[in-house]
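Here is my note on the model you sent. Please read it with the structure open beside you.

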Amino acid sequence: MPGRMKKIIFLSLIVALMVGSCNKKKTVETTILGMWTDYFLMPNTLKGKVKEMKELNYWAVDKDGKTTKGKLMTKKDLDSIGSTPNLIAYFDDKGTLIKYDNLDGENLIQSFIGTIENGKCVRWDNKVRDSSTYYAIPEYDNLGYLVGAKVYKPSVDTLLNKYIFSHDIKGNITRFEYFNYKNQKTGYHVCSLDEKGNYIEAKYFNKADSLRNIMTNTYDNNGNVIKQQTFVEKTKSTTIWDYKDFKLDDHGNVIGYFTDIENGKYKVFVERSFIYY
């Protein structure tokens with residue numbers, strides 16, 4: 001559950017998250033949960049060939065000196081603390097995302113469904129109650145890296161907005177630029193990575209190039225985010241999320257952890273379940 005990411009990112013960015021499906025290089029025995037999901041600014045390298053990953057958030061309850069899992073959180077609960085939704089990510093046997101569901105509790109809200117051709121995502125459809133609300137057409141360079149995308153309204157194929165992406169020499173996206181249908185820039189993210197490829201900082205600027213937010217991630221030796229700090233330029237305020245007590249499955253993937261928000265103001269238990277090929 002990546003902290004206050006939802007407060008940082010405008011709705012249009014969620015579309016951008018869908019279209020980066022073939023960007024990160026993968027080995028046979030890993031699966032990347034990243035770009036086109038709510039983890040695009042803090043990608044997770046999952047161990048093994050993951051077919052499905054489900055993530056649910058629960059209120060954490062202090063009882064008898066211990067912190068335990070409480071009630072399943074709704075979308076309203078998660079929105080109230082600035083968090084990302086409950087979700088399910090589906091992958092093919094090559095590690096490419098083919099579907100991404102957002103949930104309210106455990107009830108489906110919307111799905112992002114990919115069309116994959118020759119290992120590349122050539123179209124992403126956003127569907128609510130089986131109706132397509134918009135679709136995105138990714139654009140790639142001659143190395144196969146995602147460099148942009150255009151988003152359309154399906155009923156009339158009208159352009160809604162577009163995105164341009166820039167990479168480092170390893171193919172990691174380090175700059176996300178967002179444009180409206182008039183080709184006017186509406187904002188952009190600039191990201192920094194460490195030597196291991198972890199996204200350690202993301203700065204968001206508005207269309208006037210004014211800094212709005214900075215999100216900083218701190219990782220442990222296993223690549224898990226253990227602290228996230230979000231600085232808001234307008235209020236000069238910083239919110240801190242601490243992640244702890246990681247539980248692992250037999251593959252070495254995290255299946256549970258606690259999140260302490262704003263020094264205990266809110267506490268959340270995050271539970272993951274995996275299905276492997």
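1. Where is Asn198 found? Asn198 is in the loop between β13 (185-193) and β14 (199-206). Strands here are DSSP runs of E of at least two residues, helices are runs of H or I of at least four, and both are numbered from the N terminus. Asn198 is buried, with a relative accessible area of 13%. Buried means under 20% relative accessible area, exposed means over 50%, and partly exposed lies in between (1.4 Å probe, protein chains only). Leaving aside neighbours within four places in sequence, Asn198 is in contact with Ser192, Leu193 and Tyr219. Contact means heavy atoms within 4.5 Å.

2. A word on the basis. This is a predicted model, in which local features need pLDDT of at least 70 and side-chain atom pairs count only at pLDDT 80 or more, while totals for chains, interfaces and linings use all residues. Residues are numbered from 1 along each chain as its sequence is written, and side-chain values use heavy atoms, with hydrogens and water left out.

3. The overall picture. The protein chain has three helices and 19 strands. Of its 277 residues, 47% count as buried. Take the contacts between residues at least 6 apart in sequence: 38% of them join residues at least 24 apart. The accessible surface of the chain is about 13500 Å², and carbon and sulfur atoms account for 49% of that. Areas come from the Shrake-Rupley method with a 1.4 Å probe; for residues, only the protein chains shown count as cover.

4. The cores. In soluble globular proteins, nonpolar side chains tend to be buried together. The largest nonpolar core in this model has 46 residues. Leu33, Leu41, Met53, Phe91, Leu97, Ile173 and Phe176 have the most contacts inside it. A second, separate core has eight residues, including Leu56, Tyr58, Tyr90 and Phe269. A nonpolar core is a set of buried Ala, Val, Leu, Ile, Met, Phe, Trp, Tyr and Cys residues joined through side-chain atoms within 4.5 Å.

5. Two buried residues to look up. Met35 sits in the loop between β1 (30-33) and β2 (44-47). Its relative accessibility is 8%, so Met35 counts as buried. Met35 and Asn172 are 137 residues apart along the chain, yet their C-alpha atoms are separated by 9.8 Å. Leu78 belongs to helix α3 (residues 75-80). Leu78 counts as buried because its relative accessibility is 0%. Leu78 and Trp59 are 19 residues apart in sequence and 9.8 Å apart in space, C-alpha to C-alpha.

6. Aromatic pairs. The whole structure holds twelve of them. Tyr163 and Phe165 form a stacked pair, 6.4 Å centre to centre with 15° between the planes. Both Tyr163 and Phe165 are buried. Tyr243 and Tyr257 pair edge-to-face, at 5.9 Å centre to centre and 65° between the planes. This pair links distant parts of the chain: Tyr243 is in strand β17 (residues 237-248) and Tyr257 in strand β18 (residues 254-261), 14 residues apart. Tyr243 counts as buried at 5% relative accessibility, and Tyr257 counts as buried at 6%. Rings of Phe, Tyr and Trp (its six-membered ring) pair if their centres lie within 6.5 Å; planes under 30 degrees apart count as stacked, over 60 as edge-to-face and the rest as tilted. One aromatic cluster is formed by Phe40, Tyr163, Phe165, Phe176 and Tyr178.

7. Charges over rings. The charged end of Arg175 sits over the ring of Tyr188, 4.4 Å from its centre. Arg272 lies over the face of Tyr39, at 5.2 Å from the ring centre. The test is NZ of Lys or CZ of Arg within 6 Å of the ring centre and within 35 degrees of the ring normal.

8. Strands β3 (residues 50-63) and β4 (residues 66-72) run antiparallel and are joined by five bridges. Two strands pair if DSSP finds at least two bridges between them. Val61 stands opposite Thr68 in β4. Two residues lie between the strands, and Asp64 takes a positive phi near 55°.

9. Backbone points to check. Lys236 has a positive phi near 55° and is not a glycine. Lys236 lies in the loop between β16 (225-232) and β17. Its relative accessible area is 55%, so Lys236 is exposed. Glu262, also not a glycine, has a positive phi of about 55°. Glu262 is in the loop between β18 and β19 (266-276). At 33% relative accessibility, Glu262 counts as partly exposed.
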